[in-house]
Amino acid sequence: MAETKFELIIVLVNPSHSEIVMDAAREVGARGGTIVHARGTGTKDIEKKYNVVITPDKEMILILAKESIRDKMLQAIYKAAGLGTDGQGIAFALPVNDVVGLKI
């Protein structure tokens, strides 16, 4: 049996932008995700350097995706809700060693 590799895509966006993230992720193969309410921190130096306003309240979206679509998903999410948008999102991926409970 061939082993399917997965990545955990983690996206942090301003409130009310999680559906934009999920729509972009679904377009490239995501089946679903989990949205968690979070609080972010930052400094005025970061705000000045990157010309962004850091909003304390955030939404964190967790998406388990096949490794083969990771790059497409990150690009689609960033285009839809990245730093240059109202979502001011960042996204990154972490490798996942084991997964149970999924039908592939």
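In the predicted model, strands S1 and S3 pair in the antiparallel sense over eight bridges. Within this pairing, Glu7 has Ala65 of S3 as its bridge partner. S1 also pairs with strand S4, which spans residues 90-96, again in the antiparallel sense and over seven bridges. Here Ile10 stands opposite Phe92 of S4. Six of the eight residues of S1 are buried, so this strand is largely enclosed by the rest of the structure.

These strands belong to a protein chain that contains three helices and four strands. Read from the N terminus, the elements follow the order β-α-β-α-β-α-β. Along the principal axes, the C-alpha atoms of the chain fill a box of roughly 50 × 25 × 20 Å. Among the contacts in the chain with a separation of 6 or more, 74% join residues 24 or more positions apart.

The interior was examined next. Of the 104 residues in the chain, 29% are buried. The largest nonpolar core comprises 14 residues, and those with the most contacts inside it are Ile9, Val11, Val21, Ile61, Ile63, Met73 and Ile77. Two or more residues of this core come from each of strand S1 (6-13), helix H1 (18-27), strand S3 (57-66) and helix H3 (70-81). In soluble globular proteins, nonpolar side chains tend to be buried together. The surroundings of Ile9 illustrate the core in more detail. When neighbours within four places in sequence are left aside, the residues in contact with Ile9 include Ile61, Leu62, Ile63 and Ala65, together with Arg70, Met73, Leu74 and Ile77. Phe92 and Ala93 are also in contact with Ile9.

The chain carries 13 positive and 13 negative charges, the mean positions of which are 2 Å apart.

Most residues other than glycine have a negative phi. Ser16, in the loop between S1 and H1, has instead a positive phi, near 75 degrees. Ser16 is exposed, with a relative accessible area of 65%. In the loop between H3 and S4, Gln88 likewise has a positive phi, of about 45 degrees, although it is not a glycine.

How values were computed:
Residues are numbered from 1 along each chain as its sequence is written. This is a predicted model: local features need pLDDT of at least 70, side-chain atom pairs count only at pLDDT 80 or more; totals for chains, interfaces and linings use all residues. Side-chain values use heavy atoms; hydrogens and water are left out. Buried means under 20% relative accessible area, exposed over 50%, partly exposed in between (1.4 Å probe, protein chains only). Contact means heavy atoms within 4.5 Å. Lys and Arg count as positive and Asp and Glu as negative; His and the chain ends are not counted. The place of a charge is taken as NZ of Lys, CZ of Arg, CG of Asp or CD of Glu. A nonpolar core is a set of buried Ala, Val, Leu, Ile, Met, Phe, Trp, Tyr and Cys residues joined through side-chain atoms within 4.5 Å. Two strands pair if DSSP finds at least two bridges between them.
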